[in-house]
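Subject: Structure handover

Hello,

Here is the structure you were expecting, with the sequence alongside. My notes on helix packing and on the pocket follow below.

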Amino acid sequence: MAGSGSGVGQTVTVNDAAAATTDISTGPVVPDTPAWNALVAHAAQLGEVDLRTAFANDPERAEAMTIEGGDLLLDYSKHLIGADTMALLTALAAETDVAGRRDAMFAGEHINSTEDRAVLHTALRAPADAVMSDADEPDHNVVDDVHEVLGRMAETADRIRSGEWTGHAGRPIRTVINIGIGGSDLGPVMATTALAAFAADHIDTRFVSNVDGDDLGEALRGVDLDETLFIVASKTFTTQETLANAREARARLVAHTGDEAAVAKHFLALSTNAEGVAAFGIDTDNMFGFWDWVGGRYSFDSAIGMSLMIAIGPDAFNEMLEGFRTMDEHFLTAEPARNLPMVMGLLGVWYRNIADLATLAVLPYVNDLARFPAYLQQLDMESNGKRIRVDGSPVIGETGPIVWGEPGTNGQHAFYQLLHQGTTVVPADFIGVLEPHHAIGEHHDLLMANLFAQTEALAFGKTADEVRAEGVEERLVAHKTFPGNRPTSTILAPKLTPHVLGQLVALYEHKVFVQGVIWGINSFDQWGVELGKVLAKRLVAEIQSDDAAPVTGHDSSTNALVERYRVARRTRLG
């Protein structure tokens with residue numbers, strides 16, 4: 001195995017709520033249990049896995065380690081595992097009750113314990129005749145609420161797409177600008193980019209998330225405000241960055257039209273704060289809500305996907321929901337060793353906790369999935385980037401990987417040098433489709449040849465003797481040797497359709513869930529993003545203050561940086 005092993009005997013420093021410092025001798029991420037101990041013993045016995053030898057000794061390895069769910073195929077044969085490893089990993093999943101926690105999630109139990117909430121994002125794609133309830137309200141079918149909102153969304157989307165919805169000047173909508181941040185941006189922009197082949201040609205969909213004014217300025221470049229619809233996505237309608245962008249968009253619209261009443265014709269809200277929405281000037285009939293049991297990073301198949309529904313239409317949006325549902329059913333019913341989210345989640349535990357590999361590269365060989373790695377960064381790192389277990393005790397060992405990636409083949413000319421010959425081993429997910437949307441020359445053949453070649457080269461490398469056999473002079477042999485044994489998964493789909501995208505996203509949602517259960521953490525809160533927000537609100541007031549006295553309420557570094565900015569701001573504003 002590459003890496004440091006089980007982590008037993010290392011020392012970490014943990015800061016508790018009182019800011020005291022304690023040295024804790026770390027053991028496995030799972031307490032001393034039979035399944036964990038068996039896995040650690042297996043890893044020690046397995047030693048360094050040589051993939052050339054593994055494939056030569058087992059002609060059936062690829063077939064045994066290729067599984068399917070819905071329209072997706074997962075080949076995990078090029079991983080640094082033995083023939084018995086997955087059986088031991090699934091035993092660990094059984095011992096940590098992954099299946100029981102999965103069933104509790106689907107049953108509406110409050111598995112988000114720190115916020116005392118159900119986790120029912122799977123209800124967002126349930127069929128209309130399904131019954132799903134928050135365990136605290138067993139007689140209330142939340143699926144009815146979901147389909148009521150979906151119905152209203154579809155009616156509004158159809159009006160916009162058909163031209164029936166007109167702006168203040170009586171002209172149809174040609175540009176839709178989604179204003180959100182985090183889960184209210186990453187999901188919609190990823191999916192809209194992924195499904196561009198299914199989008200209406202006559203509507204341009206744009207996204208604004210960053211409070212840097214250049215983001216909004218770029219989104220407004222060249223638009224006709226008389227033909228523009230803004231969608232403000234904020235559950236509370238108080239999100240600082242989103243409201244700053246929304247207020248500026250509103251001000252520009254009112255300045256352009258000369259009429260406050262124009263706001264109701266050019267804005268929708270994705271929110272539950274009716275009072276705030278109305279005060280902004282948006283008709284609450286054009287407000288689409290969602291629920292506390294939907295986390296932001298799990299929400300683009302809810303009202304947060306309104307911009308996507310306008311782009312691709314309600315029928316395609318429903319096909320995407322069916323794709324989510326296909327993977328939900330697979331996760332619920334497939335046996336662990338043939339269950340795609342389970343297997344991917346367990347492989348992640350193997351690398352994070354047994355091999356001590358800290359990152360995961362996601363490499364889609366589908367250009368329309370260009371934003372998928374960024375979407376997964378929030379899904380995975382916000383969910384499982386945790387240091388405290390559900391019971392309040394410190395995590396022992398390592399949790400969530402650092403997720404990163406770019407589309408192939410671009411990444412090959414950027415960071416694949418490190419993947420192949422660097423000192424850091426990076427597990428990677430390669431994603432491809434058998435059929436493209438385009439019919440441009442031999443491009444797709446070249447693309448897929450590169451995908452297959454990269455996983456082969458990463459797995460098997462090139463030995464020094466093979467380099468010499470090519471006639472390379474000796475001084476360059478070491479430079480041209482590839483160590484191989486770099487682990488990869490290959491995920492293939494027939495074509496990138498709405499149905500396939502839904503399956504792909506749900507696959508990673510459930511993979512993250514599996515890992516969170518094994519690590520004993522709550523994958524559905526995100527307290528780690530709060531402190532910076534609180535401090536930023538305080539700093540805004542200090543930055544904008546007319547008080548000429550120096551800032552002193554922070555550390556010396558922050559005080560000096562704020563003061564330097566205040567001087568520049570006063571100069572800029574005169």
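I begin with helix 21 and helix 22 (residues 556-573), which pack at an angle of about 45° with their axes 9 Å apart. Because of that angle, helix 21 is oblique to helix 22. Please keep in mind that this is a predicted model. The crossing of helix 21 past helix 22 is right-handed. On the helix 21 side the contact is made by Leu539, Glu542, Ile543 and Gln544, and they meet Val562, Tyr565, Arg566 and Arg569 of helix 22. Sorted by class, that contact has four nonpolar residues, one polar and three charged.

The largest pocket holds about 1100 Å³ of space. It is lined by 40 residues, and those closest to its centre are Thr239, Gln526, Val529, Glu530 and Lys533. Helix 9 (240-257), helix 15 and helix 21 (530-544) each give the lining at least two residues. By class, the lining has 13 nonpolar, 16 polar and eleven charged residues.

Helix 7 and helix 15

The axes of helix 7 (residues 186-194) and helix 15 (residues 372-384) come within 9 Å and cross at roughly 155°. Helix 7 is therefore roughly antiparallel to helix 15. Here the crossing is left-handed. Leu186, Gly187 and Met190 of helix 7 meet Phe372, Ala374, Tyr375 and Gln378 of helix 15. This contact has five nonpolar residues, two polar ones and no charged ones.

Helix 13 and helix 20

The last pair is helix 13 (residues 314-333) and helix 20 (residues 498-519), with axes 7 Å apart and a packing angle of about 40°. These two helices are therefore oblique to each other, and helix 13 passes helix 20 in a right-handed crossing. Residues of helix 13 in the contact include Ala316, Met320, Phe324, Met327 and Phe331. Those of helix 20 include Leu501, Val505, Leu507, Phe513 and Val514. The contact also takes in Glu319, Glu322 and Asp328 from helix 13 and Glu509 from helix 20. Overall, the contact of helix 13 with helix 20 divides into twelve nonpolar, six polar and four charged residues.

Regards

Technical notes:
Residues numbered from 1 in each chain as written. Predicted model: local features only at pLDDT ≥ 70, side-chain atom pairs only at ≥ 80, totals over all residues. Heavy atoms only, no water. Axes fitted to C-alpha atoms, helices over the stretch in contact; angles between N-to-C directions. Helix = DSSP H or I, 4+ residues; strand = E, 2+ residues; numbered from the N terminus. Parallel < 35°, antiparallel > 145°, perpendicular 65-115°, else oblique. Left-handed = near helix turned anticlockwise from the far one by under 90°. Contact = heavy atoms within 4.5 Å. Nonpolar A, V, L, I, M, F, W, Y, C, P; charged D, E, K, R; others polar. 1 Å grid on protein atoms, 1.4 Å probe; cavity = no way out; pocket = protein on both sides within 12 Å on 5 of 7 lines; lining within 4 Å. Points joined across faces, edges and corners; volume = space filled by probe spheres on them.
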